[in-house]
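Biologist: Please take a close look at one chain of this model and how its parts meet. I would like one connected account.

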Amino acid sequence: MSGAGGKVIGTGAPGRVRGRRGSLAWHAGALLVLAVVLYPVVWVVGASFKPGREIIGSLELFPAGPVLTNFTGLADGIADISIATFFQNSLFYALGSVAGILVSCSLTAYAFARIPFAGRNVLFSLMIGTLLLPYHVLLIPQYVMFQKAGLVNTYVPLLIGKYLATEAFFVFLMVQFMRNLPRELDEAARLDGCGHARIYWSIVLPLCRPALITSAIFTFINAWNDFMGPLIYLNEPGKYTVSLGMMMFRDQEGVANYGGMIAMSLVALLPVLLFFLAFQRYLIDGMATSGLKG
Amino acid sequence: MGTAVTLVKDSPPGTAPARLGAPGAVRRRRRGENLAGYLFMSPWIAGFLLLTAGPMAASLYFAFTDYNLFDAPRWIGLDNFTALFDDPRWQKSVEVTAKYVVIGTPLKLLLALGVALLLAQSRRGQAFYRAAFYAPSLIGASVSVGFVWRALFSDGAVVDRTQSFLGLGSGGWVGDPGRVLYSLVALTVWQFGAPMVIFLAGLKQVPRELYEAAEVDGAGPLRRFWSITLPMLSPVLFFNVLLETIHSFQIFGSAYVVSNTTCGPADATLVYTCYLYQKGFKESQMGFASAMAWMLLLAVALVTAVLFWSQKRWVHYEEDVR
């Protein structure tokens with residue numbers, strides 16, 4: 001951030017909104033946007049307490065007579081599989097992804113930011129290039145590869161990329177962060193005889209905590225929400241993640257289990273929303289810096 | 001990207017060698033750095049070869065073959081590409097995707113910029129609104145929100161009732177081939193928070209003195225926006241346009257879920273990736289699907305190239321960065 005020092009600049013009017021009328025208009029505008037933005041989230045909370053057949057038609061946000069049947073219905077699971085199984089699978093996928101990203105991306109970022117090796121610029125450009133590459137070009141050939149290797153219907157295809165630093169966004173985020181760390185620290189460590197391994201582990205990593213936290217939370221949420229990966233690679237309901245398992249609630253033969261769908265939607269959103277509430281500063285700051293000095 | 005330049009910060013001549021003395025030591029040290037560099041990079045290099053470069057080459061080869069995953073690929077030259085251009089569903093998928101990108105991305109970015117400008121005016125409450133507006137970007141791609149969207153845009157649900165009340169016709173959007181795509185546009189616009197956060201950060205970096213000087217010179221708010229805010233914000237705008245456009249080409253999950261896995265009705269939400277998925281994973285036409293993927297890559301590369309070419313005209317980079 002520049003030295004604006006928290007001073008705020010507006011549409012063109014320097015300084016803050018002037019006067020009470022301006023401030024009122026500002027809040028009215030912001031509240032209007034807020035109402036539209038939050039409506040779907042509030043709606044899903046209210047709807048999950050409505051009886052299944054009222055969910056679509058009723059206009060009140062919260063039912064006069066709330067019922068818990070949608071949630072108790074979840075306890076029965078779906079197609080003989082407990083909802084807890086989906087949650088365990090998603091948790092395994094998300095935590096496995098976080099571990100992979102933290103290790104592989106930070107190692108790569110350290111090399112880019114701190115080791116002057118031959119070919120570094122070329123590799124860095126390649127890495128930035130993969131940031132813009134549509135993932136879908138890789139979909140078919142990767143599937144063919146994992147199918148030939150007998151790894152379809154396992155979590156290997158979903159996780160392996162995370163351990164091989166293919167998520168360029170996080171490498172980039174960490175490189176940006178590491179470049180801003182004072183160089184004197186590792187030069188001093190170097191004079192004391194520390195090698196790169198030691199500098200990476202004892203100096204750079206601890207100082208990178210904010211970038212690591214941001215990457216970890218984004219990774220967790222991305223894996224939790226991931227739909228296409230599990231859809232393509234997992235084909236046995238016992239291995240389904242939450243997002244894939246949820247799809248079993250959708251209308252089959254014209255009858256939708258709306259109550260189950262909506263209650264499950266809410267339950268599936270909860271971890272993401274809680275993470276967001278707890279760590280929103282890391283997420284938003286991480287997002288904000290990604291666009292600057294890119 | 002200007003970042004690559006800052007990388008070339010090799011040790012300035014005279015410092016390190018002087019300390020280490022003999023040229024042999026320098027060479028040894030340099031070799032040591034190379035070894036360390038490639039060691040640290042080895043996961044990325046393995047991933048790049050195994051999961052990016054290799055598959056890309058394979059995909060290019062498949063694009064010229066007839067391949068069903070079980071029999072060996074059979075070389076058929078350009079047949080997949082000619083078949084693709086003759087395929088009405090492929091044309092439909094191009095049309096649907098183009099419409100989605102061209103309508104959704106500008107709307108989303110305009111809203112993001114507008115709200116960022118609004119929020120930037122006052123510090124009170126800014127952090128709260130910023131967080132609240134950002135939240136949809138985190139959950140927008142989830143199946144949960146897809147379900148919610150399908151429900152909100154069904155017959156007799158809130159969107160239907162609102163439009164009837166306003167006299168704009170009746171019927172839910174998800175069942176109407178003419179309108180269902182707009183429910184997906186609404187879903188992407190709803191996620192304006194991510195680009196908004198980036199715009200806000202960019203606005204904070206505009207030097208305040210510029211506005212003060214302009215005000216002294218008698219420039220009105222519109223003039224100040226046009227001559228100061230917009231040029232100063234243009235690099236951030238460029239970044240947002242580039243990323244949002246590339247992302248929206250790749251929409252899949254929300255179309256798949258909101259359309260109840262059909263990408264319909266009547267192929268009205270058959271976005272490009274949906275068709276690619278159907279061809280590749282439902283019909284096992286790996287060759288055709290690979291050809292499709294390469295066409296998508298070409299389209300994205302073309303758009304990226306045009307954007308980078310156009311930035312000379314409208315993106316204003318400060319001379320004295322760093």
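How many residues of domain 1 of chain B are in contact with domain 2 of chain B, and how many residues of domain 2 take part?

Modeller: This is a predicted model. Chain B is split into domain 1, residues 1–62, and domain 2, residues 79–321. Four residues of domain 1 of chain B are in contact with six residues of domain 2 of chain B. On the domain 1 side, two of the touching residues are nonpolar and two are polar, with no charged residues. The C-alpha centres of domain 1 and domain 2 of chain B are 37 Å apart.

Chain B also meets chain A. That contact takes 102 residues from chain B and 88 residues from chain A. Helix α3 of chain B, residues 23–62, supplies the largest share of the chain B side, with 20 residues. By class, the chain B side has 69 nonpolar, 23 polar and ten charged residues.

Within chain B, helix α4 (residues 79–86) packs against helix α15 (residues 286–314): their axes come within 9 Å and cross at roughly 75 degrees. Angles of 65 to 115 degrees count as roughly perpendicular, so α4(B) and α15(B) are roughly perpendicular to each other. From α4(B), the contact uses B:Asn80, B:Phe81, B:Ala83 and B:Leu84. From α15(B), B:Gly287, B:Phe288, B:Ala291, B:Met292 and B:Met295 take part. The residues of this helix contact divide into seven nonpolar and two polar, and no charged residue is among them.

How values were computed:
Residues are numbered from 1 along each chain as its sequence is written. Chains are lettered from A and ligands numbered from 1 in the order in which they are written. This is a predicted model: local features need pLDDT of at least 70, side-chain atom pairs count only at pLDDT 80 or more; totals for chains, interfaces and linings use all residues. Domain bounds come from an automatic or database domain assignment. Two residues are in contact if their C-beta atoms, placed from the backbone, lie within 7 Å. Ala, Val, Leu, Ile, Met, Phe, Trp, Tyr, Cys and Pro count as nonpolar, Asp, Glu, Lys and Arg as charged, and the others, Gly among them, as polar. Helices (H or I, at least four residues) and strands (E, at least two) are DSSP runs, numbered from the N terminus. Axes are lines fitted to C-alpha atoms, for helices over the stretch in contact, and angles run from 0 to 180 degrees between N-to-C directions. Angles under 35 degrees count as roughly parallel, over 145 as roughly antiparallel, 65 to 115 as roughly perpendicular and the rest as oblique.
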